[in-house]
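Biologist: I am new to this one. Please walk me through the terms and show what backs each of them.

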Amino acid sequence: MNVKESRGEILDQLNRLLTRNHDAEKGYQEAAENVKDTELKSLFMAQSRQRGEFAIELDREIRSLGGDPDSGTSFAADMHRAWINVKTAFSSNDDKATVEECKRGDQESLEDYNSVLQETDLVASTRELLLRQKQSIESAHASMARLALVV
């Protein structure tokens with residue numbers, strides 16, 4: 001693979017993570033709107049803000065590498081959020097269903113981060129950024145797993 005192809009692959013992978021973070025930001029925002037528990041609302045809004053910050057960082061990183069950041073969310077995520085709304089509307093325990101969906105979304109994000117970190121030749125600063133973000137997502141995923149047991 002030549003340098004141009006490598007750079008293009010890296011930018012594609014970073015844009016995939018950027019879109020995933022836009023998806024998570026919107027997903028957590030909708031989760032906050034769907035739950036009744038005020039502590040869950042606060043937690044979900046904090047996660048939404050954090051994913052928005054991750055998206056800004058990734059946008060900056062893509063630009064610094066000479067790329068054009070994607071904007072918006074993925075079609076699959078738009079459909080997933082619509083599904084969350086339907087599922088929670090008919091679920092007997094809205095908050096639990098919403099926590100479960102957030103946990104699942106975080107798991108998908110972690111899989112994407114792991115894939116990019118393992119399969120892409122990243123410069124040190126980009127790798128450090130992704131590792132830091134991944135660690136925060138792992139923490140959120142663990143919180144959702146714990147919450148799913150008690151909600």
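**Reading the fold and its packing**

Modeller: Among contacts in the chain between residues at least 6 apart in sequence, 78% join residues at least 24 apart. Keep in mind that this is a predicted model.

Biologist: What elements does the chain have?

Modeller: The chain has 5 helices and 0 strands. From the N terminus on, the order reads α-α-α-α-α. Of its 151 residues, 40% count as buried.

Biologist: Why is Asp 106 called buried?

Modeller: Its relative accessible area is 1%. Buried means under 20%. Therefore Asp 106 counts as buried.

Biologist: Where does Asp 106 lie, and what does Asp 106 touch?

Modeller: Asp 106 lies in helix H4. Leaving out residues up to four places away in sequence, Asp 106 touches Tyr 28, Arg 51, Ile 137, Ala 140, His 141 and Met 144.

Biologist: What makes H2 roughly parallel to H4?

Modeller: Two packed helices are described by the angle between their axes and the distance between the axes. Here the axes of H2 and H4 come within 12 Å and cross at roughly 20 degrees. Angles under 35 degrees count as roughly parallel. So H2 is roughly parallel to H4. The crossing of H2 past H4 is left-handed.

Biologist: Which residues of H2 and H4 meet?

Modeller: From H2 come Leu 40, Phe 44, Arg 51, Phe 54 and Leu 58. They meet Asp 95, Thr 98, Val 99, Cys 102, Asp 106, Ser 109 and Tyr 113 in H4. By type, the residues of this contact are 7 nonpolar, 2 polar and 3 charged.

Biologist: How many residues does the largest nonpolar core have, and which have the most contacts inside it?

Modeller: The largest nonpolar core has 17 residues. Those with the most contacts inside it are Leu 14, Leu 17, Leu 58, Tyr 113, Leu 122 and Leu 130. H1 supplies the largest share, 5 residues.

Biologist: What does Leu 14 touch?

Modeller: Leu 14 touches Leu 58, Glu 61, Ile 62, Leu 65, Thr 126 and Leu 130, not counting residues up to four places away in sequence.

Biologist: Which residues does the second core include?

Modeller: This separate core has 11 residues, including Phe 44, Val 99, Ala 140 and Ala 148.

Methods. Residues numbered from 1 in each chain as written. Predicted model: local features only at pLDDT ≥ 70, side-chain atom pairs only at ≥ 80, totals over all residues. Heavy atoms only, no water. Core = buried A, V, L, I, M, F, W, Y, C linked by side-chain atoms within 4.5 Å. Buried < 20%, exposed > 50% of the residue type's maximum accessible area, 1.4 Å probe, protein only. Helix = DSSP H or I, 4+ residues; strand = E, 2+ residues; numbered from the N terminus. Contact = heavy atoms within 4.5 Å. Axes fitted to C-alpha atoms, helices over the stretch in contact; angles between N-to-C directions. Parallel < 35°, antiparallel > 145°, perpendicular 65-115°, else oblique. Left-handed = near helix turned anticlockwise from the far one by under 90°. Nonpolar A, V, L, I, M, F, W, Y, C, P; charged D, E, K, R; others polar.
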